Amino acid sequence: MKTYSIYKNSAFLKWLIAALGLLVGGLSVYYTNMLVRRLADREKRQVDFFAKAQRQLALTEETSQEVSFLLMEVIQNNDLIPVILLNDRRTPISHRNVEIPKKLSEDERNSYLLKKVEEMGEDYEPIVVEIAPDVYNFIYYTNSELVRELRFAPVIQLAILAILGSIAYVVFSSSKRAEQNQVWAGLAKETAHQLGTPISSLMAWVEYFKTDENFSEEIIVELEKDISRLEMITARFSSIGSVPQLQEVNLPQTIEHVVQYLSKRVSSKVAFHIDIADRDIRANISPPLFEWVIENLCKNAVDAMNSQGNITLELKRSSGHEMIILDVSDDGKGIPPGKLKAVFKPGFTTKKRGWGLGLTLVKRIVEKYHGGKIFVKKSIPGLGTTFRIIIPVIDSEKV
Ligand SMILES: Nc1ncnc2c1ncn2[C@@H]1O[C@H](COP(=O)(O)OP(=O)(O)O)[C@@H](O)[C@H]1O
Ligand SMILES: [Mg+2]
């Protein structure tokens, strides 16, 4: 199975970018986590230091004035880490960096602090300080707001990365699709436009030859056929390059027309069968484009059966009558089960000289221009394939 390298490369690039994004995200999460851990460690050591100061301060009789002043400094200097000091009766005696709601009575303040103490106890074991023989104080503490907030940083970072990534993806892919559509449509229109001049010139030549007695009638008929074929191609390219004019037509006639045209141009060992339940089925279609669809499906069928076998076109209404169903079946080699969707992708081909664009075009014409659907209804390797097209019926038929 061959797929053109440009499709492969862009898929590879997508994976590479995604992998790089993940790597950068992962590294940044790891780094922030490490920072948080270090900061938390440092705060813990600070509290230890604070505990020692507290203890020294409790034994001030043995300490000189300057030392006690220094210790006070240590304690005062802690302006980040929330700390609550309990005495041996587990009553709060002092606290730092704990925000207490205003207008609380003494009792309320104490019970508020005790609630905080409980929360802190869940984070870290309290530090026990023996301030006098058999008299203990308890220092409860937890990490500063800074560290608490930093803990969320990786989550926030990841969320931002994910949001940015998805925005970039949507913008990039939609602008790419818009660009592709423009190129596709523009090219088609331009081709149609350029074909116009030589075709009218050819038509003039044919008119001229008709007046020439020496020119054989037979050649002129053939020339006229070729010119009308060229005109058909031009009509297709020009329709796909702009919003096509849909017109109400009799579908059985359209199908018969295409089959008639094709059967003369493919091997005589290919037999076409037309199975039409209702000769009155009408639909809003763009004839040049819809004929192109049928032609493409039939040509693929011919390729799949090595120019020998049966092609059946079955036209009917859905059971509820709101849809028209066209099944194109062949008894060719079939499509492997895993490839039923891939066949519609641009560049997918199993043929030596294929471009893998036929079914892409078909899908586009059916879905974009006719508001319909196309899919592989059934395919059995070695037995054959059925493509199904569904398009809406004309409103008047619904009532
Ligand atoms: N009727 C079919 N039976 C089996 N395989 C098919 C049939 N129609 C299409 N395919 C598979 O789908 C591929 C893509 O078809 P298409 O888009 O028309 O491109 P191409 O005809 O240039 O290969 C074909 O190469 C073939 O492998
Ligand atoms: Mg094809």
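These are my notebook entries on what I looked up in this predicted model.

**Conventions.** I number residues from 1 along each chain as its sequence is written, and chains are lettered from A and ligands numbered from 1 in the order in which they are written. Because the model is predicted, local features need pLDDT of at least 70 and side-chain atom pairs count only at pLDDT 80 or more, while totals for chains, interfaces and linings use all residues, and side-chain values use heavy atoms, with hydrogens and water left out.

**Entry 1, a surface patch.** I found a nonpolar patch on the surface formed by Phe 12, Leu 13, Leu 16, Ile 17, Leu 20, Leu 23 and Leu 27, with about 730 Å² of accessible area together. Of these I looked up Leu 27, which lies in helix α1, residues 5-58, and which counts as exposed at 53% relative accessibility (buried means under 20% relative accessible area, exposed over 50%, partly exposed in between, with a 1.4 Å probe and protein chains only).

I looked up the salt bridges, of which the structure holds 16 (a side-chain nitrogen of Lys or Arg within 4 Å of a carboxyl oxygen of Asp or Glu). Glu 207 and Lys 210 meet in one of them, at 3.3 Å from N to O, and they are separated by about one helical turn because they stand three residues apart in helix α4, residues 145-210.

Another salt bridge joins the side chains of Arg 229 and Glu 295, at 3.5 Å from N to O. Arg 229 belongs to helix α5 (residues 217-240) and Glu 295 to helix α7, so this pair ties together parts that are 66 residues apart in sequence. I recorded Arg 229 as partly exposed at 22% relative accessibility, whereas Glu 295 is buried, with a relative accessible area of 4%.

For Lys 351 and Asp 303, I read a salt bridge whose closest N and O atoms are 2.9 Å apart. Lys 351 sits in the loop between β9 (323-330) and α8 (358-370) and Asp 303 in helix α7, so the pair connects parts that are 48 residues apart in sequence.

Note on methods:
Patches are made of residues with over 30% relative accessible area and no salt bridge: like charges are joined within 9 Å, nonpolar side chains (Val, Leu, Ile, Met, Phe, Trp, Tyr) within 5 Å. Accessible areas come from the Shrake-Rupley method with a 1.4 Å probe; for residues, only the protein chains shown count as cover. Helices (H or I, at least four residues) and strands (E, at least two) are DSSP runs, numbered from the N terminus.
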